[in-house]
Amino acid sequence: MARLPETWCVPVVRADFRDDGVWERLKDEIVSPTEEGFLAHVEFVEDRELIGLSATAIAAGYPRAYPRHYRHPVVFVVDAVTVSLPEHPLLVVNLNEGDEAGPFRTTPRQVQAIENNLSISNMDFFEFARAASPDGVFRGF
């Protein structure tokens with residue numbers, strides 16, 4: 001079972017350490033304001049215990065315990081798939097109790113929309129999951 005980091009903001013967890021340059025570019029892209037001026041309220045953390053785990057194993061390792069035990073309804077993960085694909089789609093893991101929507105991926109520029117809307121309960125996880133493309137990547141509405 002993965003240990004969710006104690007953060008004040010939604011965590012973006014680094015689980016792949018092969019390319020520091022990609023990690024730095026992703027961080028810059030995620031914290032940059034959108035065209036509308038929205039910011040992602042996230043904290044970047046590194047978890048070497050997740051190295052080599054599949055997306056399925058990572059998602060299964062985070063129990064759904066929001067809001068009882070977690071501060072945040074979601075965690076973003078930079079895994080091997082994120083690092084290896086040109087769009088760098090992050091894994092988005094649902095932490096909500098009672099919401100059965102499974103993980104999906106998102107482009108870095110959509111982290112702001114997902115984090116902002118989930119953090120204020122303006123939208124639900126399943127709405128983003130359902131809006132993902134057939135390849136499983138959310139690129140916006």
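Author: Start with F128, which counts as buried because its relative accessibility is 0% (buried is under 20% relative accessible area, exposed over 50%, partly exposed in between, using a 1.4 Å probe and protein chains only). Keep in mind that this is a predicted model, where local features need pLDDT of at least 70, side-chain atom pairs count only at pLDDT 80 or more, and totals for chains, interfaces and linings use all residues. Residues are numbered from 1 along each chain as its sequence is written, and side-chain values use heavy atoms, leaving out hydrogens and water.

Reader: How many aromatic pairs does the structure hold?

Author: Rings of Phe, Tyr and Trp (its six-membered ring) pair if their centres lie within 6.5 Å; planes under 30 degrees apart are stacked, over 60 edge-to-face, the rest tilted. Here there are six pairs. In one of them, F128 and F141 have ring centres 5.5 Å apart and planes at 45°, so that pair is tilted. F128 sits in helix α5 (residues 125-130) and F141 in the segment after β6 (137-138), so the pair ties together parts 13 residues apart in sequence (helices, H or I of at least four residues, and strands, E of at least two, are DSSP runs numbered from the N terminus).

Reader: Is F141 buried or exposed?

Author: F141 counts as exposed because its relative accessibility is 68%. Its ring also pairs with F138: centres 5.1 Å apart, planes at 70°, so edge-to-face. F138, at 0%, counts as buried. Ring pairs link F104, F125, F128, F138 and F141 into a cluster.
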